[in-house]
Amino acid sequence: MSVLGIDEITFAASDLQRCRRFLGDWGLSLVSESDHVLVHQTLNGCKVVVADPSQVDLPPGIEADPTVREVVWGVETTADLERIGKAMRGQPGHVQTSDRVGCTDPNGVAVRVQVSRKKEVQPICAKTNTWTERQRIDAPSPAYDRAQPIDVGHVVFFVTNLQAVSDFYEQVLGFVVSDRYPGRGHFLRCAPRGGHHDLFLLQPPQARQGLNHVAFTVRDVHEVFGGGMHMSRCGWNTELGPGRHPISSAIFWYFHSPMGALWEYYTDEDELTEAWHAREFTPGPTVFAEWAIAGGIDGVTRRQHQAQAPGQAFMTDKPKP
Ligand SMILES: [Fe+2]
């Protein structure tokens, strides 16, 4: 069996009180807290750990804090764990404990694997009505006062050696490339069957190592909107969103996070199988967002904060005639 997904993710940040407020507003539930470590979880039990940088057992970061320090991937059985443990032997930073194996990926990120501690959940999600399929009968579509993320769905890193990092995840953890920006970015999923990406590796022209964003899966588009407007009412700042990615088809909303980089609510990504053929794209604003609201929707007025196009043509890259 393949890796199932992200089981736990650890950040280092010094302002734990501000992080605690953000995590609660984001919709995660508090599992435990001390003066130096906060542990929260999503609905399915995916853990989000935030530790003060002084904690000695934290793996090193790949950029200045606040940022991610460790990603723990879940597998189904101890046999899976042993198989991946063998593949990790000889890798830099190799570690093995009674319940985890790990190493450092070629981008410097501490990677760990454990038998998944997440649980199956079956939240009620909105059904949609199209011309040909009427799935919602005698039932209004929901509206959410705030989000309750189901899972940590993917993580995105800036890398300096895209091919080496991609090779590591494909060869050691069995990941599969879903789509590519050749030489610039790889979208990877844990297994041939699954959501469009669990990991995205991005090598910008000014290559650097770092965290770009962490993404939380919510039930449906209405929860992206409801969650984002709640974050707005709580005073947190949008980077971009809501909007829609043409690659993966997901509806997104990105916020600036006190744990570093961006946090994303998303839903409705493409589901892929062995029959999928990886596509290739040229980076640009139209492939990043089919549409997006700059500055977000104000949670009180429920109207856009601002409407500002990026520096280059947004809806089309074609020059005007
Ligand atoms: Fe994302």
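The radius of gyration is taken here over C-alpha atoms, and the globule rule sets it at 2.2 Å times the number of residues to the power 0.38. The structure treated in these exercises is a predicted model.

**Exercise 1. Overall dimensions**

Compare the radius of gyration of the protein with the value for a compact globule of 321 residues.

*Solution.* Begin with the rule, which for 321 residues gives a radius of gyration near 20 Å for a compact globule; the protein has 19 Å, so its value agrees with that expectation. Next, consider the extents: along its principal axes the C-alpha trace spans about 55 × 45 × 40 Å. Then turn to burial and surface, where 50% of the 321 residues count as buried, while the protein exposes about 15,300 Å², with carbon and sulfur atoms supplying 50% of that area. Finally, look at the contacts with a separation of 6 or more, of which 67% are accounted for by residues 24 or more positions apart.

**Exercise 2. The sheet and its helices**

Determine the order of the ten strands in the open sheet, and explain why one side of β19 and of β20 is left without a neighbour in the sheet.

*Solution.* Start from the inventory of five helices and 20 strands. Ten strands form the open sheet, in the order β19-β10-β11-β13-β9-β14-β17-β16-β15-β20, with mixed pairing. Because β19 (279-280) and β20 (291-292) stand at the edges, each with a single partner strand, one side of each has no neighbour in the sheet.

Within this order, examine β16 (residues 251-256) and β17, which run antiparallel and are joined by six bridges; Trp253 stands opposite Tyr265 in β17. Helix α1 (residues 16-26) lies across β14 (210-217), β16 and β17, and runs at about 5° to β17. Helix α3 (residues 162-172) also packs on the sheet, where it touches β10 (176-181), β11 (185-189) and β13 (199-202), its direction making about 10° with that of β11.

How values were computed
Residues are numbered from 1 along each chain as its sequence is written. This is a predicted model: local features need pLDDT of at least 70, side-chain atom pairs count only at pLDDT 80 or more; totals for chains, interfaces and linings use all residues. Side-chain values use heavy atoms; hydrogens and water are left out. Two strands pair if DSSP finds at least two bridges between them. Helices (H or I, at least four residues) and strands (E, at least two) are DSSP runs, numbered from the N terminus. Contact means heavy atoms within 4.5 Å. Axes are lines fitted to C-alpha atoms, for helices over the stretch in contact, and angles run from 0 to 180 degrees between N-to-C directions. Buried means under 20% relative accessible area, exposed over 50%, partly exposed in between (1.4 Å probe, protein chains only). Accessible areas come from the Shrake-Rupley method with a 1.4 Å probe; for residues, only the protein chains shown count as cover.
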